[in-house]
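Student: I have a structure open and would like to go through it piece by piece. Can we start with the charged side chains?

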Amino acid sequence: LSFYTTLLTQCKLNSYLHDVDVRTTEMYDTLVKQLVKQENITEYLKATNMLAWVQAMNNISNRAREIVYKKIVYIR
């Protein structure tokens, strides 16, 4: 609460939130790309077995989001 109040009273809340948004988006995108490559989720899989591709991508998306939340969002 005091961190929020400090940012708000110093007119730095919006810039702080923007910075967090940029960092989380970049980290999420990077993690998804790495996990897709690591787990060999290809366009061929998408073309031949759409359900398996969607399941794999949802799994990767959820894992990447959870990592971002733990490393950046929930640190305070």
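Tutor: Bear in mind that this is a predicted model. In it, the side chains of glutamate 39 and arginine 63 meet in a salt bridge, 2.6 Å from N to O.

Student: Where do glutamate 39 and arginine 63 lie?

Tutor: Glutamate 39 is in the loop between H2 and helix H3 (43-48), while arginine 63 is in helix H4. The two are 24 residues apart in sequence, so the pair ties together separate parts of the chain.

Student: Is glutamate 39 buried, exposed or partly exposed? And what about arginine 63: buried, exposed or partly exposed?

Tutor: Glutamate 39 counts as partly exposed, at 32% relative accessibility. Arginine 63 is partly exposed too, with a relative accessible area of 32%. The cut-offs are under 20% for buried and over 50% for exposed, so 32% falls in between.

Student: How far apart are arginine 23 and aspartate 19 along helix H2?

Tutor: They are four residues apart in helix H2, so about one helical turn separates them. As a general point, an α-helix has 3.6 residues a turn, so residues three or four places apart point the same way. Arginine 23 is partly exposed at 37% relative accessible area, and aspartate 19 is partly exposed at 36%.

Student: Staying in helix H2, what about threonine 24, buried or exposed?

Tutor: Threonine 24 lies in helix H2 and is buried, with a relative accessible area of 13%.

Student: What does threonine 24 touch?

Tutor: Leaving out residues up to four places away in sequence, threonine 24 touches Val68, Ile72 and Val73.

Student: New topic. Which residues make up the largest nonpolar core?

Tutor: That core has ten residues: Leu31, Val32, Leu35, Val36, Ile41, Trp53, Ala56, Ile60, Ala64 and Val68.

Student: Then let's look at H4. How many residues does H4 have, and how far does it reach?

Tutor: H4 has 22 residues and reaches 31 Å from its first C-alpha to its last. That is close to the 32 Å expected at 1.5 Å a residue.

Student: Which residues of H4 are buried?

Tutor: Trp53, Ala56, Ile60, Ser61, Ala64 and Val68. Looking down the axis of H4, these buried residues fall within an arc of 135°, so they line one face of the helix.

Student: What covers the buried residues of H4?

Tutor: The cover includes H2 and H3. The face of H4 turned away from the buried side carries the exposed residues Leu51, Gln55 and Lys70.

Student: And methionine 50, where is that?

Tutor: Methionine 50 is in helix H4. It is partly exposed, with a relative accessible area of 45%. From C-alpha to C-alpha, methionine 50 and phenylalanine 3 are 46 Å apart in space, and 47 residues apart in sequence.

Student: Since phenylalanine 3 came up, what does it pair with?

Tutor: The structure holds two aromatic pairs. In one of them, phenylalanine 3 and tyrosine 16 sit edge-to-face, 5.2 Å centre to centre with 80° between the planes. Phenylalanine 3 is in helix H1 (residues 2-9) and tyrosine 16 in helix H2, so the pair ties together parts that are 13 residues apart in sequence.

Student: How accessible is phenylalanine 3? And how accessible is tyrosine 16?

Tutor: Phenylalanine 3 is partly exposed at 33% relative accessibility. Tyrosine 16 is partly exposed as well, with a relative accessible area of 24%.

Student: Last topic, the backbone. What is the phi of cysteine 11?

Tutor: Cysteine 11 has a positive phi of about 60°, although it is not a glycine. Cysteine 11 is in the loop between H1 and H2 and is exposed, with a relative accessible area of 72%.

Student: And what is the phi of asparagine 40?

Tutor: Its phi is near 55°, which is again a positive value in a residue other than glycine. Asparagine 40 is in the loop between H2 and H3 and counts as exposed, at 58% relative accessibility.

Definitions and conventions
Residues are numbered from 1 along each chain as its sequence is written. This is a predicted model: local features need pLDDT of at least 70, side-chain atom pairs count only at pLDDT 80 or more; totals for chains, interfaces and linings use all residues. Side-chain values use heavy atoms; hydrogens and water are left out. A nonpolar core is a set of buried Ala, Val, Leu, Ile, Met, Phe, Trp, Tyr and Cys residues joined through side-chain atoms within 4.5 Å. Buried means under 20% relative accessible area, exposed over 50%, partly exposed in between (1.4 Å probe, protein chains only). Contact means heavy atoms within 4.5 Å. A salt bridge is a side-chain nitrogen of Lys or Arg within 4 Å of a carboxyl oxygen of Asp or Glu. The expected span of a helix is 1.5 Å times one less than its number of residues. The arc is that of the directions from the helix axis to the C-beta atoms. Rings of Phe, Tyr and Trp (its six-membered ring) pair if their centres lie within 6.5 Å; planes under 30 degrees apart count as stacked, over 60 as edge-to-face and the rest as tilted.
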